[in-house]
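Please find below a short note on the structure under review. It is arranged as numbered points for reading alongside the coordinates.

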Amino acid sequence: MLKHIHIQEGELTYKQRIALGELFMSEETYEDKFKETFHILHEIELDFSNNEEMKMFAEYFQEVIDGLQYWINKEKELLDYQPEPEEIRAGIRELGEKISYYGTLKTLAKNYAQDPDKVLRWKYGKVFGILYTDLEEFKYQKRLNKEYEKKYKN
């Protein structure tokens, strides 16, 4: 029996979150997404000729989809960052397209003195918490710097 990974509780790894995100954004068929989901989460190959096996995994698959949607909504709500006009002109969006999740992975690995492969094994709930607090601290620092600029420009 498989150990159930509770996606919504953040039990999946950062690597699994990345892989599932890429899978569900892809043009793969529903059946391929179904099978690949369990390969990503449990490294197993499902057999569609076994209807009982497919029924057994269908509810779990829906939980995965619901959990992934939960994280996507949380990311949109809490990790949303609107770049400043200067950042846009400098190409922040192009940078994001080029380096994708590697930029975040590199930063986490560097900040915590860890090999990136180890960071990929961290639970996503932990990664999300770090990203959220880092973003809020960054926003605060930007506001504080603007206040200092106002104070000392006058």
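1. The model is predicted. Its chain averages a pLDDT of 93, and 99% of the residues score at least 70. Confidence is lowest in helix H3 (residues 51-78), with a mean of 92, and highest in helix H7 (residues 116-120), at 98.

2. The count of salt bridges comes to six. One of them pairs Arg 17 with Glu 75, whose closest N and O atoms are 2.8 Å apart. Arg 17 lies in helix H1 (residues 14-25) and Glu 75 in helix H3, so this pair ties together parts that are 58 residues apart in sequence. Arg 17 counts as buried at 11% relative accessibility, and Glu 75 is buried with a relative accessible area of 18%.

3. Glu 84 meets Lys 142 in a salt bridge (3.3 Å, N to O). Lys 142 is in helix H8, whereas Glu 84 is in the loop between H3 and helix H4 (85-90), 58 residues apart. Glu 84 is partly exposed, with a relative accessible area of 23%.

4. Glu 84 also forms a salt bridge with Lys 146, the closest N and O atoms being 3.6 Å apart. Salt bridges that share partners join Glu 84, Glu 87, Lys 142 and Lys 146 into one network. Lys 146 is partly exposed, at 40% relative accessible area.

Notes:
Residues are numbered from 1 along each chain as its sequence is written. This is a predicted model: local features need pLDDT of at least 70, side-chain atom pairs count only at pLDDT 80 or more; totals for chains, interfaces and linings use all residues. Side-chain values use heavy atoms; hydrogens and water are left out. pLDDT is the predictor's confidence in each residue, from 0 to 100. Helices (H or I, at least four residues) and strands (E, at least two) are DSSP runs, numbered from the N terminus. A salt bridge is a side-chain nitrogen of Lys or Arg within 4 Å of a carboxyl oxygen of Asp or Glu. Buried means under 20% relative accessible area, exposed over 50%, partly exposed in between (1.4 Å probe, protein chains only).
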